[in-house]
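This report goes through the annotated positions of the structure below and then the packing of its helices.

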Amino acid sequence: MRRDDHACPEAIEKVRFVRSYAKINLTLDVLGKRPDGYHELATIMQTIDLYDTLCFSIIDENRVSMVCNRPELSNEQNLVVRAAQVIRQKLNLTRGLAIELNKRIPVAAGLGGGSSNAAATLLALQQWWQLPLSLHDLWEIATSLGSDIPFFLTGGLALCEGRGEKITPLAPHWPTSMRWLVLLKPAIGVSTATVFRQLTASDYSNGSWSRAAEAALQTRSTLRPTDLYNSLERGVLAQYPEVAQARADMLQAGASYVRLSGSGPTLFSTFADLPAAAWVQHQLQHQGYEAYLTRPITTANTEISYF
Ligand SMILES: C[C@](O)(CO)[C@H](O)COP(=O)(O)OP(=O)(O)OC[C@H]1O[C@@H](n2ccc(N)nc2=O)[C@H](O)[C@@H]1O
Ligand SMILES: Nc1ncnc2c1ncn2[C@@H]1O[C@H](COP(=O)(O)OP(=O)(O)OP(=O)(O)O)[C@@H](O)[C@H]1O
């Protein structure tokens, strides 16, 4: 009998299929730089109905293999492989795993795709193999792998503080005036580390944007476009002309306002009505842009529902 057989009864199915959803940052305050080199954040994140799929199969070898429809991501540094390996090592599991990752979430886009994939892997293995790991254990593993990953363990709507790992779930009071989202992904990738490095002290805020938005969401007060703020936006617009041009084109296409998600370069706008959102998406696609019509969802990696 193999050492980890107790966690994998014979009856367990050999294949597991999960979705892994993206996020947007409704607000993002950078409070300042910390002694460990990271930045102190207050950000409100929301999972959205744009997802990758992951297929896990048990294999008869003591290793983790991974293939991805984006060949440049098929390697051992992929967060999916790293997440699976951390769990295997922590619990001394010898059971092998083959993972297929189908990416639909744009990469290096500010949509948290890799982080979501890692959290989906942790949750899938924990549930599938009935591992003796609490949500706090998973949170610790997630935190060690990346700042955005803890959020995706619960997803939905949340205030994230510290490096991003201190999660306060918020009641899902998403404004109806923001029911539809149009995302525009300019044709460049942006390194999160570079964006943070190029911040200046004048970009810092005291967290008041995220706190005010949190209060408005909790009390179901109106959230106006002018209430949304991202400390990283000024630097990204100044550094990448493609993003500034995309923003101008989005406004020209009929978006009433445009914000950057995370470290970009993806831009988003919100709409109360589907026809208005679809019209803006159509116009952007007609201009050759990669544009998505999507909506917020209330949970992360398992069952979802819409507002
Ligand atoms: C911009 C956001 O997406 C907002 O949600 C996140 O803060 C980024 O989260 P992430 O991609 O999971 O970030 P990590 O993989 O932990 O860090 C990537 C790099 O971003 C910078 N970084 C990240 C998070 C943070 N609070 N401060 C930072 O300065 C660091 O230079 C770090 O080396
Ligand atoms: N499963 C994965 N999917 C996408 N990228 C991954 C994955 N694993 C590792 N990476 C690496 O992480 C980098 C950032 O990718 P990702 O799509 O997560 O960026 P992002 O959306 O900007 O993330 P965030 O918003 O959390 O900063 C990629 O350039 C890639 O090298």
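Gly-113 is in contact with Ala-22, Asp-52, Lys-103, Ile-105 and Val-107, leaving aside its neighbours within four places in sequence. Contact here means that the C-beta atoms of two residues, placed from the backbone, lie within 7 Å. The model is predicted: local features need pLDDT of at least 70, side-chain atom pairs count only at pLDDT 80 or more, and totals for chains, interfaces and linings use all residues. Residues are numbered from 1 along each chain as its sequence is written, while chains are lettered from A and ligands numbered from 1 in the order in which they are written.

Gly-113 is found in helix α2. Helices (H or I, at least four residues) and strands (E, at least two) are DSSP runs, numbered from the N terminus. Gly-113 counts as buried because it has 26 C-beta neighbours inside 10 Å. The cut-offs are 20 or more other C-beta atoms within 10 Å of a residue's own for buried, 12 or fewer for exposed, and in between for partly exposed, with C-beta atoms placed from the backbone. Ser-116 is also placed in helix α2, and its 29 C-beta neighbours inside 10 Å make it buried. Not counting residues up to four places away in sequence, Ser-116 touches Ser-20, Tyr-21, Ala-22 and Phe-152.

## UniProt binding site and domain

Under "binding site", an unreviewed UniProt entry lists Pro-106, Val-107, Ala-108, Ala-109, Gly-110, Leu-111, Gly-112, Gly-113, Gly-114, Ser-115 and Ser-116. UniProt positions are given in the numbering used here, feature names are shortened, and annotations may be inferred rather than shown by experiment.

The UniProt annotation "domain: GHMP kinase N-terminal" (unreviewed entry) covers residues 78-156. Over residues 78-156 the chain is 57% helix and 9% strand, with the end C-alpha atoms 24 Å apart.

## UniProt active site

Lys-23 and Asp-148 carry the UniProt annotation "active site" (unreviewed entry). They are spread over 126 residues of sequence but cluster in space, the largest C-alpha distance being 9.7 Å.

Lys-23 belongs to strand β1 (residues 15-33) and is buried, with 30 C-beta neighbours inside 10 Å. Apart from neighbours within four places in sequence, the contacts of Lys-23 are Met-45, Gln-46, Thr-47, Ile-48, Leu-111, Gly-112 and Phe-151. Asp-148 sits in the loop between α3 and α4 (149-154). Asp-148 is buried too, with 26 other C-beta atoms within 10 Å. Residues up to four places away in sequence aside, Asp-148 touches Gly-112, Ser-115 and Gly-164.

## Helix packing

Two packed helices are described by the angle between their axes and the distance between the axes. Axes are lines fitted to C-alpha atoms, for helices over the stretch in contact, and angles run from 0 to 180 degrees between N-to-C directions. Helix α1 (residues 79-90) and α2 pack at an angle of about 30°, with their axes 8 Å apart. That makes α1 roughly parallel to α2; angles under 35 degrees count as roughly parallel, over 145 as roughly antiparallel, 65 to 115 as roughly perpendicular and the rest as oblique. In this contact, Leu-79, Val-80, Ala-83, Ala-84 and Ile-87 of α1 meet Gly-114, Ser-115, Asn-117, Ala-118, Thr-121, Leu-122 and Leu-125 of α2. The residues of the contact of α1 with α2 comprise 8 nonpolar, 4 polar and no charged. Ala, Val, Leu, Ile, Met, Phe, Trp, Tyr, Cys and Pro count as nonpolar, Asp, Glu, Lys and Arg as charged, and the others, Gly among them, as polar.

Helix α2 (residues 113-128) also packs with helix α3 (residues 135-145), at an angle of about 150° and with the axes 10 Å apart. Helices α2 and α3 are therefore roughly antiparallel to each other. From α2, Ala-118, Ala-119, Leu-122 and Gln-126 meet Leu-138, Ile-141, Ala-142 and Leu-145 from α3. The contact of α2 with α3 has 7 nonpolar residues, 1 polar and no charged.

## Two loop residues

Gly-189 lies in the loop between β7 (180-185) and α5 (192-197), and with 13 C-beta neighbours inside 10 Å it counts as partly exposed. Gly-189 touches Val-107 and Ala-108, not counting residues up to four places away in sequence.

Asp-60 is in the loop between β2 (39-59) and β3 (64-68). Asp-60 is exposed, with 6 other C-beta atoms within 10 Å.
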